[in-house]
Amino acid sequence: MNRPIRIGTRGSRLALWQAHHVAACLELAQLTTEIVIITTKGDVVLDRSLDKIGAKGVFTEELEESLRSGAIDIAVHSAKDVQSTIPADLELLAFMEREKVNDVIVSYDPDLDLSRPDLILGTSSTRRKAVLRRHYPHATTAEARGNLQTRLRKLEEGQYHALVLAYAGVHRMEYDTLIRHVLPETQFVPATGQGSVAVECARSLEPELKAELQRILDHEPTHTCLLAERAFLRTMEGGCSIPSFALATFTDSGALQLHGGLVSLDGAQYLEEIMTTADLAQAEAMGTELAERILSRGGRQILDEIRSQRAVS
Ligand SMILES: NCc1[nH]cc(CCC(=O)O)c1CC(=O)O
């Protein structure tokens, strides 16, 4: 390749960190790169929580358009923000090695008492809100949309005592000193894809280039985990507005374990399953089956309730 690889990204600091991370890996392999910043609906509409914007792919649509038009060669996303089904003319080329998957509690107050009865936690994630109702029933949650910097400013202004965020983003933005508590991933099971960076391209991208980019950027164990998690999400029919969770990990013996489930918005109903397979080719089948089990154990009813509540609000 004698022209630079054009890397499309959103303009937030976290998105730019991810794009520069991809660029650095490619440059190490002697490729040249160029970063192209693209604004998405999710960056512009900041006054409504994500489940009210409604449209799927609020952080990805404009990037996908640019892949189609050929304005960029690859698009870089937080894997968590990528829809469970992507358009047929596009493909996910690589999932990069995952960062620690946990959610964390972030605050400017080093003496923050997480058990205070009037605790206010900032988050806009339906999953976090619902799981907090279960494990932090004394806490109130308040909306915290916007990029990390915007949320931290709201925190600094005193709109909440603390924020609940993904460790990956906090760490990548170098806010580690604000972390007051790491939420255990067994209780606060992360969202599908949390902590991994996904690289998307048009199916029509030159095959040799595609293969080379994949060889450089893809982390196979992470990719396998994400196949299981994303199959789960696809079967749950949920995007980021559904309080589902799924985390795949490898056991010491090298088997793939998937912990996934669904929680009702009030946190009262909590459905979870753990499945394991030694056959990594079964990753997606396991994700699908786990979701089917959750749906048949009452998950379908929880989803229907959520949908009817949204319809009236
Ligand atoms: N939905 C926004 C989003 N997408 C990815 C991350 C964090 C980084 C990651 O999981 O890769 C965040 C912010 C957050 O959840 O705190």
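**Ligand site and fold**

Tutor: Start with the ligand. This is a predicted model. The ligand is surrounded by Ser78, Lys80, Asp81, Leu165, Ala166, Ala168, Gly169, Gln194 and Gly195.

Student: How many of the shell residues are nonpolar, polar and charged?

Tutor: Three are nonpolar, four are polar and two are charged.

Student: Which strand and which helix each supply at least two residues of that shell?

Tutor: Strand E8 (162-166) and helix H7 (167-172).

Student: And which domains does the shell draw at least three residues from?

Tutor: Domain 1 (5-97 + 197-218) and domain 2 (103-182). Each gives at least three residues to the shell around the ligand.

Student: What else does the domain assignment give?

Tutor: There is also domain 3 (244-312). The centres of domain 1 and domain 3 are 26 Å apart, taken over C-alpha atoms.

Student: Switching to secondary structure. How many helices and strands are in the chain?

Tutor: Ten helices and 13 strands.

Student: What is the strand order in the open sheet of five strands?

Tutor: The order is E2-E1-E3-E10-E4, and the pairing is mixed. Strand E2 (33-37) and strand E4 (90-95) are the edge strands, each pairing on one side only. From one strand to the next, the twist averages 30°.

Student: In what sense do E1 and E2 pair, parallel or antiparallel?

Tutor: Parallel. Strand E1 (residues 5-9) and E2 pair over five bridges. Arg6 stands opposite Glu34 in E2.

Student: Which strands does helix H1 touch?

Tutor: Helix H1 (residues 13-28) packs on the sheet and touches E1, E2, strand E3 (74-78) and strand E10 (197-202). The direction of H1 makes about 160° with that of E1.

Student: What about helix H8?

Tutor: Helix H8 (residues 207-217) packs on the sheet too, touching E3, E4 and E10. The direction of H8 makes about 35° with that of E4.

Student: Now overall size. What does the C-alpha trace span along its principal axes?

Tutor: About 60 × 45 × 40 Å.

Student: And how does the radius of gyration sit against a compact globule?

Tutor: The two agree. A compact globule of 313 residues would have a radius of gyration near 20 Å, and the chain has 19 Å.

Notes:
Residues are numbered from 1 along each chain as its sequence is written. This is a predicted model: local features need pLDDT of at least 70, side-chain atom pairs count only at pLDDT 80 or more; totals for chains, interfaces and linings use all residues. A residue is near a molecule or strand if its C-beta atom, placed from the backbone, lies within 6 Å of it. Helices (H or I, at least four residues) and strands (E, at least two) are DSSP runs, numbered from the N terminus. Ala, Val, Leu, Ile, Met, Phe, Trp, Tyr, Cys and Pro count as nonpolar, Asp, Glu, Lys and Arg as charged, and the others, Gly among them, as polar. Domain bounds come from an automatic or database domain assignment. Two strands pair if DSSP finds at least two bridges between them. Axes are lines fitted to C-alpha atoms, for helices over the stretch in contact, and angles run from 0 to 180 degrees between N-to-C directions. Two residues are in contact if their C-beta atoms, placed from the backbone, lie within 7 Å. The radius of gyration is taken over C-alpha atoms; the globule rule is 2.2 Å times the number of residues to the power 0.38.
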